[in-house]
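Student: I am new to this structure. Please take a close look at the cavities, and tell me what lines them.

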Amino acid sequence: MSDPATQFADAIRAAADAKRPLNICGGGSKTFYGNPSIGETLDVTTYRGIIEYEPTELVITARAGTPLADIEAAMREQGQMLGFEPPHFGGNATLGGCIAAGLSGPRRPYAGSARDFVLGLRLLDGRGTDLHFGGQVMKNVAGYDVSRLITGSLGTLGVILEVSLKALPLPPSEMTLCREQTQSEALALMNEWAGKPLPITATCHVDGRLYVRLAGATPAVHSAAAKLGGETLADGAAFWRDLRDQRHAFFSGESPLWRLSLSSIAPELQLSGAQLIEWGGALRWLRSDSDAMGIRKAARSGDGHATRFRGGDPRSGAFHPLPSQMLKLHKRVKQAMDPVGIFNPGRLYADF
Amino acid sequence: MSASVHAIPVDFERQRAVCAALRAFMPEHGVLFDREDVTPYECDGLSAYRQVPMVVALPENEEQVCAILETCYALRVPVTARGAGTGLSGGALPLGNGVLLSMAKLMKIVTLDPLARTARVQPGVRNLSISEAAAPHGLYYAPDPSSQIACSIGGNVAENSGGVHCLKYGLTVHNILKLRVATIEGEIIELGGGGLDSAGYDLLALMTGSEGLLGVVTEITVKLLPRPECAQVVLAAFDDVGTAGQAVANVIAAGIIPAGMEMMDQPTILAVEPFVNAGYPTDAAGILLCESDGTREEVADEIRRIERIMEDSGAHLVRVSRDEAERLRFWAGRKAAFPAVGRLSPDYYCMDGTIPRKRLAEVLRGITVMEKKYELRCANVFHAGDGNLHPLILYDANDPRQLQNAEDFGAEILKLCIDVGGTITGEHGVGVEKIDSMCVQFNSAELEAFHALKHAFDEHALLNPGKAVPTLHRCAEFGRMHVHSGAEKFPELPRF
């Protein structure tokens with residue numbers, strides 16, 4: 001049997017010749033995310049395994065089909081982690097899907113996003129050509145930063161084969177504090193704290209309580225805890241894991257789930273429905289049956305954008321509409337990487 | 001680098017037409033074409049390459065930037081944007097038939113929001129002045145390229161600049177939230193947003209480091225970070241650079257991400273010490289500076305651990321800065337490394353490869369062999385934490401043979417960087433300087449993908465043509481030249 005990458009390339013060329021769309025699939029843990037997929041499934045989970053992991057170089061390179069859990073386990077063994085704390089959503093999340101979706105977890109505002117940690121990748125473009133961009137070093141400005149462009153493009157620009165990521169050390173100690181707080185007080189505190197040299201690595205406000213995670217050297221964590229105050233949460237790790245994977249009670253129920261990514265100082269949203277705040281105020285989750293137009297207008301006024309994350313009326317696209325100039329540019333970028341338009345058409349925007 | 005001082009004869013008719021079109025909306029002093037007025041723009045920080053531009057345009061606001069681009073687009077005139085002109089790869093080298101678009105007059109800090117920890121700034125704002133403006137709020141802008149007192153933030157975005165703290169705090173791309181960009185058609189697009197991500201493709205990341213080939217940045221929203229409570233630095237001296245490299249790996253293996261981790265080899269130490277009296281041991285084969293910053297507790301904990309690791313890794317001398325004055329003195333040597341080395345020789349050529357750190361000893365050995373081959377000395381300064389190596393090749397530009405040897409020496413170092421799994425440029429950019437080495441790092445399909453992306457933004461290739469990404473034709477020529485190295489065809493022709 002030939003190398004899976006060669007098989008993928010053959011499948012891509014055949015699809016391009018026949019102008020047939022391909023639906024690139026990893027573990028399927030994020031099929032709900034974005035607009036519906038169409039086309040023949042291209043399953044990349046067969047292309048798996050860690051290729052190289054050099055803890056002292058802070059770099060891990062793995063194939064796209066590698067389960068995220070395997071990568072994290074290998075890193076944990078070396079006292080390291082993925083700094084962007086990617087959501088799994090289910091047990092099957094793969095590295096390729098993680099990078100294609102570009103989603104980051106609670107640590108994002110304090111450590112960086114998925115794309116911030118991407119150092120390089122190998123992908124197949126819309127002609128099935130095997131391309132390498134970036135590399136396995138921390139600093140690399142040779143050529144356009146295609147690796148970061150690919151991150152979060154939901155498979156519309158190419159089939160990710162391999163990814164190199166920067167690793168971070170696991171903090172020696174962690175502590176989660178919580179306290180009663182109104183939403184507006186919580187927003188003010190999150191922003192105030194972020195302007196101070198405190199070892200904060202996650203914040204969340206839900207159900208009238210503010211949660212903050214401290215991490216680092218043990219004395220530093222204790223000293224910061226004394227400054228911030230509040231009670232210690234017994235199983236902080238479980239709280240943040242549930243938040244990351246949306247297993248927290250807030251995420252259960254039938255109402256559509258919206259993700260509003262805004263300026264951290266955007267005031268409380270005047271929208272009906274329950275809210276959960278993360279990322280120091282820069283991420284607002286909303287469970288609401290309100291119409292898409294109103295939610296998107298609110299996101300715009302917070303200098304951000306709104307994604308219909310789960311459920312809701314599919315007639316309004318999942319992602320915030322782009323201004324016409326930007327839409328034109330997106331189509332041209334898509335054209336550059338996938339000229340026939342076979343990769344995940346419509347998944348990101350109906351137009352391409 | 002060689003044979004790059006040249007001039008395309010000015011097409012006066014074209015020059016008159018372009019000036020007239022620009023002066024329709026620009027003040028007279030904002031459009032320059034007299035030889036003496038445009039000559040100051042003939043090069044950037046890589047002065048071995050010079051070219052007088054046909055016209056220099058000095059916009060004072062975004063509307064003028066857009067109008068200039070629209071005009072150039074209509075007339076099909078190529079445009080090279082320039083910030084402070086401190087770049088080291090010739091990225092702002094003008095075109096003899098083009099407009100040099102100086103962003104220097106757009107130098108306002110538009111807003112600074114201490115609560116949101118952001119600043120909206122114009123591209124001509126100096127890097128350091130952002131941190132200065134943020135200082136009263138206990139905030140700063142993290143990327144600190146060595147030229148930070150002079151370099152502009154617009155140029156930083158174009159080059160994705162780093163600095164000595166980027167292993168911990170990231171590059172420019174990690175520290176900006178939003179860009180306003182003028183397209184070659186003269187339209188404004190906004191990339192990124194007020195939040196931590198934006199809808200659609202991450203064009204903010206693509207634009208960052210694109211060396212002026214995709215658009216002209218007219219406004220940048222940067223992230224500001226809280227200034228660390230304190231910082232301390234460990235100075236460790238080693239008898240062998242390989243041992244010093246292993247010490248760096250040991251620090252990382254211990255779970256420490258130092259705020260800064262710099263290495264200097266003996267030629268650099270010998271150049272620096274008499275120059276600044278930083279207190280470096282001149283008998284060491286290499287020294288490491290390893291900085292910790294954060295809260296007092298974090299720093300105390302980390303410094304103690306770093307000290308022990310250095311000792312255990314075989315350092316023959318370990319010193320911890322006792323106070324801020326000593327910390328700054330330890331750094332003064334590193335910061336003066338380039339000028340200090342510059343005093344040893346009429347000229348030096350600064351390389352910028354990045355390598356996997358574990359290959360350091362091997363790469364330095366390779367460079368030692370090349371020193372003999374090219375009969376030139378080389379001092380090495382190394383951002384050891386992130387693997388970014390700056391070999392400084394000493395030569396005399398007045399000796400054509402030395403100039404040629406320095407260029408060949410540099411290209412061979414870059415080839416070695418690629419061979420060990422690294423890259424030809426960590427932070428200085430490709431510009432014109434390393435354009436041929438791009439043919440070694442990327443294959444033709446990858447270069448074609450770059451050209452296709454360029455086409456998506458700039459279909460007539462008017463934005464900074466000839467930089468950053470070589471044409472396939474050029475690479476074919478370069479391949480041929482490589483095969484016959486030493487017997488190059490048409491040595492009298494400019495090759496930049």
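Tutor: In this predicted model, the second largest cavity takes at least two lining residues from each of two elements of chain A, β6 (118–124) and α6 (146–150). The volume of this second largest cavity is about 190 Å³. Its lining is made up of 17 residues. Those nearest the centre of the second largest cavity are A:Asn140, A:Val141, A:Asp145, A:Arg148 and B:Asn160. Sorted by class, the lining of the second largest cavity holds 8 nonpolar, 7 polar and 2 charged residues.

The count of cavities of 30 Å³ or more is 9. The largest cavity has a volume of about 520 Å³. Lining the largest cavity are 35 residues, and those closest to its centre are A:Gly102 from chain A, with B:Leu196, B:Asp197, B:Ser198 and B:Asp202 from chain B. By class, the residues around the largest cavity are 15 nonpolar, 13 polar and 7 charged.

To put the two side by side: the second largest cavity has A:Asn140 and B:Asn160 among the residues nearest its centre, while the largest cavity has A:Gly102 and B:Leu196 among the residues closest to its centre.

Note on methods. Residues are numbered from 1 along each chain as its sequence is written. Chains are lettered from A and ligands numbered from 1 in the order in which they are written. This is a predicted model: local features need pLDDT of at least 70, side-chain atom pairs count only at pLDDT 80 or more; totals for chains, interfaces and linings use all residues. Side-chain values use heavy atoms; hydrogens and water are left out. On a 1 Å grid over the protein atoms alone, a cavity is a set of points where a 1.4 Å probe fits but cannot get out, and a pocket is an open set with protein on both sides within 12 Å along at least five of seven lines; lining residues have an atom within 4 Å of a point. Grid points are joined across faces, edges and corners, and a volume is the space filled by probe spheres set on the points. Ala, Val, Leu, Ile, Met, Phe, Trp, Tyr, Cys and Pro count as nonpolar, Asp, Glu, Lys and Arg as charged, and the others, Gly among them, as polar. Helices (H or I, at least four residues) and strands (E, at least two) are DSSP runs, numbered from the N terminus.
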